[in-house]
Amino acid sequence: DPVIGWIPDLSITPDTPSDANTIPAPPPTDFDGTVRTAGGVFHITDNLSLVANTATNIGIPDFRRTVYPDGSTSPPPNGDGSDFGIDFSLFDNRLTGRLVYYETEAIQEVVGGAQAATPIENVYEIYEEFLTNGPLDNLLNRRSELRPEVNGRFRDNVSSGYELRLTANITDNWRLTLNAAKTDRIVSNMYSKAIDFLGLMKGEDGLLVHGVTETEFPDPENEGDFLDGYVVSNPGAFETGKVISELLAFESDLPEGQNVSNTPDIGGSIAEQLYNLVDNVNDQIEIQEKRWGLRPYRFNVFTAYDFTEGALKGWTLGGGYRWNDANIIGEENGIEFEGEPQTNADFFIRYRTARNSSFLGDGRWTYQINISNLFDDDTIIPSRLAIDGNLDYMVPGGRGPAYARFDIPDPRSYRFTVTYDF
């Protein structure tokens with residue numbers, strides 16, 4: 001039987017009014033970009049050339065991340081890259097190679113991290129709990145302005161270094177390739193949009209200025225005792241007209257006897273939330289705007305031999321060796337501490353039939369087995385020191401340095417593939 005009636009439009013848009021049960025939708029994200037590439041080659045001789053390339057690019061945005069200032073989906077990162085160097089060939093092209101210097105930039109790259117957003121959400125929710133009447137309505141109406149839903153942060157990532165690639169055709173059926181590189185990486189401008197949007201300020205050391213300090217308050221229940229707390233001691237650290245200063249302005253609307261230092265909450269007072277925000281962001285700037293995790297040098301060599309006659313005709317054997325320099329796992333007073341280098345070996349065996357006719361047409365079959373981590377090396381890979389650069393501390397029992405984080409290498413793996421070439 002037909003049903004006659006109407007259904008109200010309950011869709012939530014960016015213009016939906018905010019209340020205690022409704023969060024307006026984030027604004028839509030529109031983006032476009034232009035990709036440009038250019039390159040040039042100048043042949044000095046038949047065997048030596050100068051090469052240069054440059055490119056601008058636009059990446060795919062991370063749709064899982066929302067960012068300041070309005071909680072919209074993260075925009076795509078912009079990338080620039082350039083390289084220049086030489087191409088060369090020797091011994092009738094049996095040895096060819098390229099040596100280049102390169103620079104790459106990923107500007108306004110978005111990665112996960114809510115160290116700046118979570119405390120602001122907590123501050124908003126504390127006010128939401130204690131404000132009433134007109135001040136509460138004012139707070140709710142400004143939700144999108146004061147606490148957009150954010151789970152990402154911006155940063156700039158700049159890399160530079162040298163790359164060498166050599167290919168040697170030792171014989172007609174024996175090939176060898178070698179790759180080596182030196183890389184440096186600098187991360188900068190962490191939380192750039194959050195810092196501007198919230199109205200935070202940086203000092204000469206590049207860290208955020210604290211507007212809140214730890215202090216002690218008399219314990220109202222135990223005369224002569226004191227409780228740890230936080231107080232806004234430097235309101236000038238928060239730019240007028242920006243989010244934090246606007247949130248602090250609601251202090252005058254709190255019930256009598258309450259202020260930003262004594263608003264009770266499981267996660268701490270409003271002042272404590274702001275202290276934690278600056279403290280956590282400064283920690284991340286100190287950690288991330290370093291070279292931690294970087295392996296400055298890497299090297300690998302691979303070879304393959306084709307059997308073209310005799311009983312093994314059609315078979316190919318090959319393998320490789322990979323080496324990565326020790327990673328940087330800590331820093332103390334400008335001195336970097338290293339972890340361990342990584343080495344690994346791979347192997348493959350392949351059989352390729354002669355070209356013939358089959359139900360698939362004229363072609364040939366190729367069967368190949370690849371083995372990664374040939375020797376099944378399961379040595380843990382340290383990635384962070386537990387004692388902030390203090391290598392003097394050793395785990396009791398002679399078990400070496402204490403690591404805050406380490407990675408487990410992938411175990412030996414096998415892959416079997418079958419292909420048919422037409």
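This note goes through a few features of a predicted model, point by point.

1. Helix packing. Two packed helices are described by the angle between their axes and by the distance between those axes. Here, helix α1, which covers residues 117-130, and helix α6, which covers residues 270-288, have axes that come within 9 Å and cross at roughly 170°. Angles over 145 degrees count as roughly antiparallel, and α1 and α6 are therefore roughly antiparallel to each other.

2. The residues between these helices. From α1, the residues Pro119, Ile120, Asn122, Val123, Ile126 and Tyr127 take part in the contact, and they meet Ile270, Gln273, Leu274 and Leu277 of α6. Sorted by class, the contact of α1 with α6 is made up of eight nonpolar residues and two polar ones, with no charged residues.

3. A nonpolar patch on the surface. Tyr367, Ile369, Tyr414, Phe416 and Val418 form this patch, and together they have about 510 Å² of accessible area. The elements that give two or more residues to the patch are strand β17 (361-372) and strand β20 (413-421), and the largest share, three residues, comes from β20. Tyrosine 367, for its part, is found in strand β17.

4. Because arginine 142 lies in the loop between α2 (133-141) and α3 (143-146), while glutamate 246 lies in helix α5 (residues 243-248), the pair ties together parts that are 104 residues apart in sequence.

5. Backbone details to check. Most residues other than glycine have a negative phi, and most peptide bonds are trans. With this in mind, look at tyrosine 68 and proline 69, which are joined by a cis peptide bond with an omega of about 10°; proline 69 lies in the loop between β3 (66-67) and β4 (72-73). Look also at aspartate 92, which has a positive phi of about 55° although it is not a glycine, and which lies in the loop between β5 (78-90) and β6 (95-112).

How values were computed: Residues are numbered from 1 along each chain as its sequence is written. This is a predicted model: local features need pLDDT of at least 70, side-chain atom pairs count only at pLDDT 80 or more; totals for chains, interfaces and linings use all residues. Side-chain values use heavy atoms; hydrogens and water are left out. Axes are lines fitted to C-alpha atoms, for helices over the stretch in contact, and angles run from 0 to 180 degrees between N-to-C directions. Helices (H or I, at least four residues) and strands (E, at least two) are DSSP runs, numbered from the N terminus. Angles under 35 degrees count as roughly parallel, over 145 as roughly antiparallel, 65 to 115 as roughly perpendicular and the rest as oblique. Contact means heavy atoms within 4.5 Å. Ala, Val, Leu, Ile, Met, Phe, Trp, Tyr, Cys and Pro count as nonpolar, Asp, Glu, Lys and Arg as charged, and the others, Gly among them, as polar. Patches are made of residues with over 30% relative accessible area and no salt bridge: like charges are joined within 9 Å, nonpolar side chains (Val, Leu, Ile, Met, Phe, Trp, Tyr) within 5 Å. Accessible areas come from the Shrake-Rupley method with a 1.4 Å probe; for residues, only the protein chains shown count as cover. A salt bridge is a side-chain nitrogen of Lys or Arg within 4 Å of a carboxyl oxygen of Asp or Glu.
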